[in-house]
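Open your viewer and keep the sequence panel beside it. This tour tells you what to select next and what you will find there.

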Amino acid sequence: MTLASLSFRRHRSGGNSKKNKYSPRYEARWGKPVDTYNPRSKFVKPEPRSYYDIPNIDPNNIPAFFEEQVKEWSLHRGLPPRLQSFGIPQDEVEPLLKAFVRAVTAGELSTPEGHHEYVLGRFVQHLDGDPVHAIDVIYNTILFTWASKPAQVELLRSVGLSPDTISKIQAVAEAGDRWFPADDFPETRKRVRKVIMHVGPTNSGKTYNALRALAAAETGVYAGPLRLLAHEIWERLNLGQIVPAGIEEEPPKATTVDTDTDTALDVAGVKRQGNPKYARVCNMKTGEEMRIVDDFAPLLSCTVEMLSLYRALDVAVIDEIQMIADPERGSAWTSAVLGVCAKEVHLCGEETAVPIIEALLKDTGDELVINRYERLSPLHLQEETLNGDLSQVKKGDCIVTFSRSSIFKLKREIERRSPLRCAVVYGRLPPEIRSEQAALFNDPDSGYDVLIGSDAVGMGLNLKIRRVIFESTSKFQGSREAPLSISQTKQIAGRAGRYGLHGNDPPGGYVTAFSPKDIPHIEKAINMPPQPLKSARIGINTRYFQAFALALPPNSPTKTILDAYYYTSRIPIHLRQQMMNNQVLEPLCKFVDDRLNNMPSNDVMLFLNAPIAIRDTKALEITQKFLRAYQDDMTVDLWKCLDDSPLIADLKVVEELQAEANPRGVNTAMLEGLESLHKAVVLYVWMCFRRPVSWFCFEEVRELKQRVEKALDWGLQAVTRSQPGKDWKEYTEERRKGMERGVVYRHAFLKSMPTAQPIDPPKRVSPGLH
């Protein structure tokens with residue numbers, strides 16, 4: 001339970017504040033919810049705003065806020081139950097809190113030494129997002145750090161805490177001590193690495209030298225944020241399209257085009273024509289796909305989450321390093337930076353990440369080199385917007401919107417009103433199809449003149465975009481509409497005017513919007529100098545999960561173990577805990593506790609990180625069968641779990657309709673079933689890569705996944721063709737009303753184009769050897 005929910009609940013229940021010790025002054029001082037979500041009414045205010053007002057804390061006088069607010073924090077009704085769940089007896093919670101409040105208000109923790117020891121700087125550095133919850137976490141962490149010190153033992157005994165309780169507090173604090181996170185990787189600390197940062201804006205060629213170093217390495221790995229990038233690196237290394245470092249590039253032949261304009265890399269020298277003598281054997285591994293060219297391939301291309309931190313390498317390239325601050329995925333980048341066991345580590349991304357990397361590597365002994373790059377072509381803001389007039393869309397434009405339904409509505413309207421044809425790009429498209437769509441847009445003779453895409457265009461796609469047009473500068477996130485961050489806006493806008501992609505056109509790109517109200521946000525973003533990231537994210541792993549499971553009372557629920565880690569772990573100021581989405585995490589933890597009782601900690605952590613569709617009841621039914629088989633037999637036979645599923649029946653019906661060329665027989669219920677089946681199949685694939693002996697039906701699940709995607713592709717196109725077109729103004733008005741009703745738009749389109757055939761690797765190993 002968070003302080004945010006406590007203050008909101010007290011406000012709703014009313015009552016006499018004099019009789020209620022959880023005072024509304026807390027709301028007045030620190031800010032109350034301004035965009036509340038009521039699950040009964042499902043109402044969400046449409047205007048994107050900060051969920052909480054960030055309290056105004058003087059960075060030069062943090063102790064004043066710390067000492068003034070501690071008593072009010074200690075009176076929150078959710079605090080005693082939380083401390084009890086961490087092992088502190090009910091009758092000892094109050095004396096512990098009173099002793100802590102006295103010590104804080106007396107200034108005992110606000111000394112210069114205490115400022116460092118208790119990381120008081122977090123009160124001004126870690127409050128973005130939900131400051132009420134952040135302050136709650138900071139106070140909790142300080143409480144356990146203070147109470148676990150040997151110097152406090154006599155004081156705590158004198159106020160009534162038993163020796164057993166003091167030992168429990170110390171055990172919890174010790175379990176969460178992550179003051180030196182680099183020490184979590186002892187094998188890596190045995191070597192002195194050379195870390196080379198390549199930083200600069202979009203379209204600066206910052207990744208080029210890093211990839212050439214990888215192509216020249218005896219052993220190495222590329223780790224990026226997207227399947228698309230992992231797939232492209234894999235393909236280009238195998239085809240010899242990246243010239244290794246130390247080799248002089250050959251001039252292009254007169255009959256060939258040297259620069260590859262379809263590359264998804266932020267580089268200036270990737271070659272369209274591969275040279276066999278530069279080809280390197282490389283495997284690929286992502287959360288949903290594995291491609292084995294050779295069992296002993298010296299190179300690997302993967303997503304960051306799939307990066308192995310235990311294999312000794314010569315070169316590692318970690319892309320989009322600024323994502324180290326991402327609330328949901330950032331911990332994977334932090335682990336990669338600290339843990340990848342390579343002689344030479346190349347970090348590519350934005351300038352904003354430099355201070356964080358310097359702080360992370362300060363005590364590792366690694367050598368740090370920073371190479372800075374400038375944008376290769378200018379970017380201009382067009383203050384005159386389209387005002388919603390699609391007739392102003394021109395060849396070379398890229399319209400950015402944030403739902404698949406919007407993408408296809410725009411595509412249909414533009415193609416209906418003009419001779420222009422539109423390619424589409426969005427996150428859920430398979431890498432092959434995304435690359436194919438990018439190639440169609442980049443090819444001036446393909447007939448595809450306009451690109452419509454989601455924020456997927458902002459990362460991992462080099463496109464011949466003359467002008468970026470924002471349909472909106474906010475997107476639906478969780479339960480509300482929220483503005484794009486400065487970094488997101490910069491990255492998307494920066495895709496305009498890619499260097500060297502416009503032939504004889506003057507260099508440079510343009511950015512504008514549908515509506516004039518979005519221009520100030522865009523202008524602020526593109527003109528704002530890089531702002532250093534405040535912190536990197538760090539997350540729990542199996543080691544710390546086990547440590548907390550032992551420190552807490554026996555048989556503590558999974559959610560309690562995660563809460564204890566989140567609320568009590570001591571980390572340096574340049575780190576911040578990975579964000580926990582309680583709306584998803586609570587039912588997932590309950591599901592794990594109910595279905596995976598007595599599972600080892602590493603299996604529990606595995607399933608907590610797995611892509612389990614906890615809110616999709618149809619997919620969850622299949623997931624339960626998978627997990628039941630795993631728990632009972634330690635083997636999961638795919639078709640034993642699926643044979644009697646109605647979702648397989650849906651698949652067969654759609655396949656029959658496709659064979660009969662009968663699109664009118666398709667309905668949305670069938671497609672919803674296919675979407676649910678796809679989620680369950682993706683889970684099985686995910687587990688194949690992590691527990692290949694138990695989840696052994698690799699070929700079967702690969703074939704089923706292709707069947708589902710093919711059926712979805714055809715079915716969704718059939719539904720699209722059968723829907724009457726709407727006037728653009730009518731559509732935008734409908735969308736606006738939908739936002740006001742708090743409608744979470746169902747992603748109606750998984751794909752838009754026929755599935756491209758993947759490149760078959762020359763050799764595959766059996767699932768058990770992956």
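**Stop 1: two helices side by side**

Select helix 22 (residues 582-595) and helix 23 (residues 601-609); they pack at an angle of about 140°, with their axes 10 Å apart. Axes are lines fitted to C-alpha atoms, for helices over the stretch in contact, and angles run from 0 to 180 degrees between N-to-C directions. Helices (H or I, at least four residues) and strands (E, at least two) are DSSP runs, numbered from the N terminus.

Helix 22 and helix 23 are therefore oblique to each other. Angles under 35 degrees count as roughly parallel, over 145 as roughly antiparallel, 65 to 115 as roughly perpendicular, and the rest as oblique.

Now show side chains. Leu588, Cys589 and Val592 of helix 22 meet Val604, Phe607 and Leu608 of helix 23. Contact here means heavy atoms within 4.5 Å. The residues of this contact between helix 22 and helix 23 divide into 6 nonpolar, no polar and no charged. Ala, Val, Leu, Ile, Met, Phe, Trp, Tyr, Cys and Pro count as nonpolar; Asp, Glu, Lys and Arg count as charged; the others, Gly among them, count as polar.

**A word on the model**

This is a predicted model, where local features need pLDDT of at least 70 and side-chain atom pairs count only at pLDDT 80 or more, while totals for chains, interfaces and linings use all residues. Residues are numbered from 1 along each chain as its sequence is written, and side-chain values use heavy atoms, with hydrogens and water left out.

**Stop 2: the whole chain**

Zoom out. The protein chain has 29 helices and 18 strands. Of its 770 residues, 55% count as buried. Buried means under 20% relative accessible area, exposed over 50%, and partly exposed in between (1.4 Å probe, protein chains only).

**Stop 3**

Switch to cartoon view. Look for an open sheet of 8 strands in the order 4-3-5-2-6-7-1-8, with mixed pairing. Two strands pair if DSSP finds at least two bridges between them. The edge strands are strand 4 (290-291) and strand 8 (367-372), each pairing on one side only.

Select strand 1 (residues 194-199): 5 of its 6 residues are buried. Strand 1 runs parallel to strand 7, joined by 6 bridges. His198 has Cys348 of strand 7 as its bridge partner. Strand 1 also runs parallel to strand 8, again with 6 bridges. There, Ile196 is partnered with Val369 of strand 8.

Move on to strand 6. Strand 6 and strand 7 run parallel, joined by 5 bridges. Val315 stands opposite Glu344 of strand 7.

**Stop 4: a covered helix and a buried loop residue**

Select helix 14 (residues 330-339). How many of its 10 residues are buried? The count is 9, which leaves helix 14 mostly covered. Among the elements packed against its buried residues are strand 6 (313-318), strand 7 (342-349) and helix 15 (354-360).

Step back to Ile324, in the loop between strand 6 and helix 14. Is Ile324 buried or exposed? Ile324 is buried, with a relative accessible area of 0%. The C-alpha atoms of Ile324 and Thr334 are separated by 5.9 Å, though these residues are 10 apart along the chain.

Next comes an open sheet of 6 strands, ordered 9-16-13-10-12-11, with parallel pairing. Strand 9 (379-381) and strand 11 (422-425) are the edge strands, each pairing on one side only. The twist averages 20° from one strand to the next.

Select strand 11 and strand 12 (residues 450-453): they run parallel, joined by 4 bridges. Val425 has Gly453 of strand 12 as its bridge partner.

Helix 16 lies across strand 10 (397-400), strand 11 and strand 12, running at about 175° to strand 11.

**Last stop: a crossing**

Keep helix 19 (residues 519-527) and select helix 18 (residues 486-493); their axes come within 9 Å and cross at roughly 85°. That makes helix 18 roughly perpendicular to helix 19. Ile486 and Ala493 of helix 18 are among the contact residues, as are Ile522 and Ala525 of helix 19. The residues of this contact divide into 5 nonpolar, 2 polar and 2 charged.
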